[in-house]
Amino acid sequence: MSANLSATFYLISGVLFILALRGLSSPETSRRGNLFGILGMLIAITVTFLSVGNFSIGFSYVIVFLLAGGSIGALIAYKIPMTVMPELVAGFHSLVGLAAVFVAISAFLNPEAFNLGVSGDIKLSSLIEMSIGAAIGAITFSGSIIAFLKLRGIISGSPIIFKGQHYINLLLGISIIVLIYYLCDKQSENFFWTLIGIAFLLGFLLIIPIGGADMPVVISMLNSYSGWAAAGIGFTLENSALIITGALVGSSGAILSYIMCKGMNRSFFSVILGGFGGTDQTSSSKDKDKKPVKSGNAEDAAFLMKNASSVIIVPGYGMAVAQAQHAVREMVDTLKKNNIKVSYAIHPVAGRMPGHMNVLLAEANVPYDEVFELEEINNDFANADIAFIIGANDVTNPVAKTDPQSPIYGMPVLDVEKCKSILFVKRSLSPGYAGVDNELFYRDNTLMLFADAKKMTEDITKNL
Amino acid sequence: MEIDPFIFRLSIFILSIFIGYYVVWSVTPSLHTPLMSVTNAISSVIIVGAIIAGLSGNMNSIFGISNIFGFLAIFLAAINIFGGFLVTQRMLQMYKKKKKNK
């Protein structure tokens, strides 16, 4: 296949990837969009086989590895429960990062195969591009591994901070640039391996200080990095499909990080610098014990709900942990049978990744037109009878609107306090990830339901 | 004077960033999780580089270091491609509208 023809096909697959993302603008078009994406990938892979045109022994190995990886991927995709999507996405990011590193290594060791010159005398521009691709890929890989371990709870979700951390990171960042310079100058293999090693280290150190509640930002950011790594490799391979995809994914991740930061009213840099959500920031007053809390059981909650005419459900990460989404939907079905109007309110940073709650509710067969974003529903709380808060905390805390001293001041929150009554399903009175006490707990119109989210919801349904 | 082909690639890159910017802002927030998983899948188009590396060998050099890294990258990217697209498909199947008049 001629180079011009294959370049044209790569362009087509790039366009199909754009359409794949475009499809996600509404759930109806999204499934077709995904098919465009699959088609684009199929074209890119087929064209690569045809343009290399070598169907000898290497071909069979390529197919074997392709199918082996593919069947593992397919197996994961079918088995994975929706509640662990954040971990899955973090894991996938790490694979993209590592694949980018491996491709860069292959290209460095065997530049002839990629038309980049000969070993020891690689074109300068290609060398810069592949080392940038490899460095970002390595950072993506190790950073995503840390994010994955934090999400799984294998390492603590609270930030790990030590002195001089930021200086070390800065130093590592500078040394990467210096190494790239020397690599281009000397073309020495050793510089290349050191470069990759340092980038791996930097990835670990960058994510270690970031706390669990900031994971939505971290995942989006790593998503963005994986895109830039792909683009770097795309420049090396002079492949437009890769360049287009890299740019799309890079900007997509950047926008998601921006949306998440805005959802928490925090600057991107304060998230990256980390340390948020530690235990040392608990600003709660000492007279916490004195304040009276009204707590109730499932019967009380069911009684309140039966007499309501509209209920708004506010889910949070706790619902995912307790796997309570199906129980919630069953409760809502019963409420609807009693002619009670129910809708769901989703805060942008509810859960551990962008859109996490929406997927869980969709899994539990909640129609997506009953689920609303913060701006769409915030005015409705004033007219609703009951806010049913399940597994959320900080995103409902009115202190974000009233107390400039609070670490979450200025964060957009759901106006649940405007409801006539608030039902708060929670295990204890402990503060949320921001370490801030929630004054809603002590309101007269709040009824605390201390229990496991799933069990409590099931019990309420029984009593309805 | 001739223009370096690099400039053309850079143009594609910059314009694609803008396309990405506008396309992603129009993605509905409720589909942000599928957005992440599908971007994951498409960024694995990096497999084309891995395939070139994997195919470059002949009888004698099929297990050169460069080829082995190529094979490993194919394996990793393939997990991502199949896993990413299929899990996205599975998620998108779940988004349903309210059943009316039933």
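Two strands are counted as paired if DSSP finds at least two bridges between them. In this predicted model, strand β3 (residues 310-315) of chain A meets that criterion with strand β4 (residues 341-346) of chain A: the two pair in the parallel sense over four bridges. Ile312(A) stands opposite Ser343(A) in β4(A).

This pair belongs to an open sheet of six strands in chain A, ordered β5-β4-β3-β6-β7-β8. The pairing is parallel. At the edges lie β5 (371-373) and β8 (446-450) of chain A, each of which pairs on one side only. From one strand to the next, the twist averages 25 degrees.

Helices lie across the sheet strands. Helix α17 (residues 453-463) of chain A lies across β6, β7 (421-426) and β8 of chain A, at about 145 degrees to β6(A).

Chain A also contacts chain B. The contact involves 104 residues of chain A and 79 residues of chain B. Together the chains bury about 8400 Å², with 78% of it on carbon and sulfur atoms. One salt bridge is found across the interface. Glu238(A) forms a salt bridge with Arg9(B), with 3.5 Å between the closest N and O atoms. Between the chains, 17 residue pairs are in polar contact.

Several helices of chain A each supply at least two residues to the side touching chain B, among them α1 (3-23), α2 (27-52) and α3 (57-79). The largest share, 17 residues, comes from α3(A). By type, the residues on this side of chain A divide into 67 nonpolar, 27 polar and 10 charged.

Notes: Residues numbered from 1 in each chain as written. Chains lettered and ligands numbered in written order. Predicted model: local features only at pLDDT ≥ 70, side-chain atom pairs only at ≥ 80, totals over all residues. Heavy atoms only, no water. Contact = heavy atoms within 4.5 Å. Buried area = accessible area lost by both parts, 1.4 Å probe. Salt bridge = Lys/Arg side-chain N within 4 Å of Asp/Glu carboxyl O. Polar contact = N/O pair within 3.5 Å; in protein donor to acceptor, adjacent residues only side chain to side chain. Nonpolar A, V, L, I, M, F, W, Y, C, P; charged D, E, K, R; others polar. Axes fitted to C-alpha atoms, helices over the stretch in contact; angles between N-to-C directions.
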